[in-house]
Amino acid sequence: MSGRVLVDKQTPEVFSAMKQVSRTVREAADAAGIGRALLELLNVRVSQINGCEFCLDVHWRAAVAAGVTPQRIALLPAWRDSRLFDDRERAALEIAEAVTLTAGSHLDEEAYAKARAGLDDDETSVLIWAAITINAFNRVSVLSRHPVPERPAGAQR
């Protein structure tokens, strides 16, 4: 036996169900007024934390396509210190990190209230589901070691 099992290929019916969850989350985000740019910021940040090379490659390009500047993507690890992120984005990123970093300190009531500031219940729920979903995809790609092709400078596809 050699190499990694590509779990998405080995059990495609489960992966198909995961993709449907992702589509449902995007539809719920649209209904809640959460734009694609904010979802992609969340996807990139979670993928950075998890070190998911494949998902980072997919979602930085999706973020740029949704209107996120490369500068804002580059500054995501420093979002708490950067003035480039607004309160809504900060709330989404706080939620994303709380969902992702469950082994550390959980989002206490004060931090939860701060993250919720400016978000209604639907937005909060959708952002939590979005973070859960990208975390699941990160695990699939990390464990499968999905390859990432090198692209020439300036290429996004």
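This is a predicted model: local features need pLDDT of at least 70, side-chain atom pairs count only at pLDDT 80 or more; totals for chains, interfaces and linings use all residues.

Me: What separation do the C-alpha atoms of Ala-28 and Glu-53 have, with 25 residues between them along the chain?

Reply: Those two C-alpha atoms, of Ala-28 and Glu-53, are 27 Å apart. Now try another pair that is also 25 residues apart along the chain, Ala-65 and Glu-40: their C-alpha atoms are separated by 9.6 Å.

Me: And is Ala-65 buried or exposed?

Reply: Ala-65 lies in helix H4. It counts as exposed because its relative accessibility is 70%, and the cut-off for exposed is over 50%.

Me: Okay, what about the inside? How do I read a core?

Reply: The general idea is that in soluble globular proteins, nonpolar side chains tend to be buried together. In this model, the largest nonpolar core has 25 residues, and Ile-34, Leu-42, Leu-127, Ile-134 and Phe-137 have the most contacts inside it.  At least two residues of this core come from each of helix H2 (12–32), helix H3 (36–50), helix H6 (87–100) and helix H8 (121–144).

Me: Which helix gives the most to this core?

Reply: That's H8, with seven residues.  Apart from that core there is another one, of ten residues, with Ala-63, Val-64, Trp-79 and Leu-93 among them.

Me: Can we zoom in on Leu-42? What does it touch?

Reply: Leaving out residues up to four places away in sequence, Leu-42 touches Ala-92, Leu-93, Ala-96, Leu-127, Ala-130, Ala-131 and Ile-134.

Me: Next up, helices. How do I describe two that pack together?

Reply: Two packed helices are described by the angle between their axes and the distance between the axes. Take H3 and H6: they pack at an angle of about 35°, and their axes are 9 Å apart. Their crossing is right-handed.

Me: Which residues of H3 and H6 meet?

Reply: From H3 you have Leu-38, Leu-41, Leu-42, Arg-45, Val-46, Ile-49 and Asn-50, and they meet Arg-88, Glu-89, Ala-92, Leu-93, Ala-96, Glu-97 and Thr-100 of H6. Sorted by class, the contact of H3 with H6 has eight nonpolar, two polar and four charged residues.

Me: How do H3 and H8 pack?

Reply: H3 and H8 pack at about 45°, with 9 Å between their axes, so they are oblique to each other. H3 passes H8 in a right-handed crossing. On the H3 side, the residues that meet H8 include Leu-39, Leu-42 and Asn-43, while those in H8 include Leu-127, Ala-130 and Ile-134. By class, this contact of H3 with H8 has eight nonpolar, five polar and one charged residues.

Me: And what about H4 with H8?

Reply: Helix H4 (residues 53–65) and H8 pack at an angle of about 130°, with their axes 8 Å apart. H4 and H8 are therefore oblique to each other. Phe-54, Cys-55 and His-59 of H4 make the contact with Ile-134, Phe-137, Asn-138 and Ser-141 of H8. That contact of H4 with H8 has four nonpolar, three polar and no charged residues.

Me: Let's look at some arginines. Is Arg-72 buried or exposed?

Reply: Arg-72 counts as buried because its relative accessibility is 16%, and buried means under 20%. You'll find Arg-72 in helix H5 (residues 70–74). Not counting residues up to four places away in sequence, Arg-72 touches Leu-41, Leu-84, Phe-85 and Glu-89.

Me: Where is Arg-116, and what is it in contact with?

Reply: Arg-116 is in helix H7 (residues 109–116). With its neighbours within four places in sequence set aside, Arg-116 is in contact with Asp-121 and Thr-124. The C-alpha atoms of Arg-116 and Glu-94, 22 residues apart along the chain, are separated by 9.2 Å.

Me: One last thing: how do I read phi?

Reply: Most residues other than glycine have a negative phi. Now look at Arg-145, in the segment after H8: it has a positive phi of about 55° although it is not a glycine. At 58% relative accessibility, Arg-145 counts as exposed.

Definitions and conventions. Residues are numbered from 1 along each chain as its sequence is written. Side-chain values use heavy atoms; hydrogens and water are left out. A nonpolar core is a set of buried Ala, Val, Leu, Ile, Met, Phe, Trp, Tyr and Cys residues joined through side-chain atoms within 4.5 Å. Buried means under 20% relative accessible area, exposed over 50%, partly exposed in between (1.4 Å probe, protein chains only). Helices (H or I, at least four residues) and strands (E, at least two) are DSSP runs, numbered from the N terminus. Contact means heavy atoms within 4.5 Å. Axes are lines fitted to C-alpha atoms, for helices over the stretch in contact, and angles run from 0 to 180 degrees between N-to-C directions. Angles under 35 degrees count as roughly parallel, over 145 as roughly antiparallel, 65 to 115 as roughly perpendicular and the rest as oblique. Ala, Val, Leu, Ile, Met, Phe, Trp, Tyr, Cys and Pro count as nonpolar, Asp, Glu, Lys and Arg as charged, and the others, Gly among them, as polar. A crossing is left-handed if the near helix is turned anticlockwise from the far one by less than a right angle, and right-handed if clockwise.
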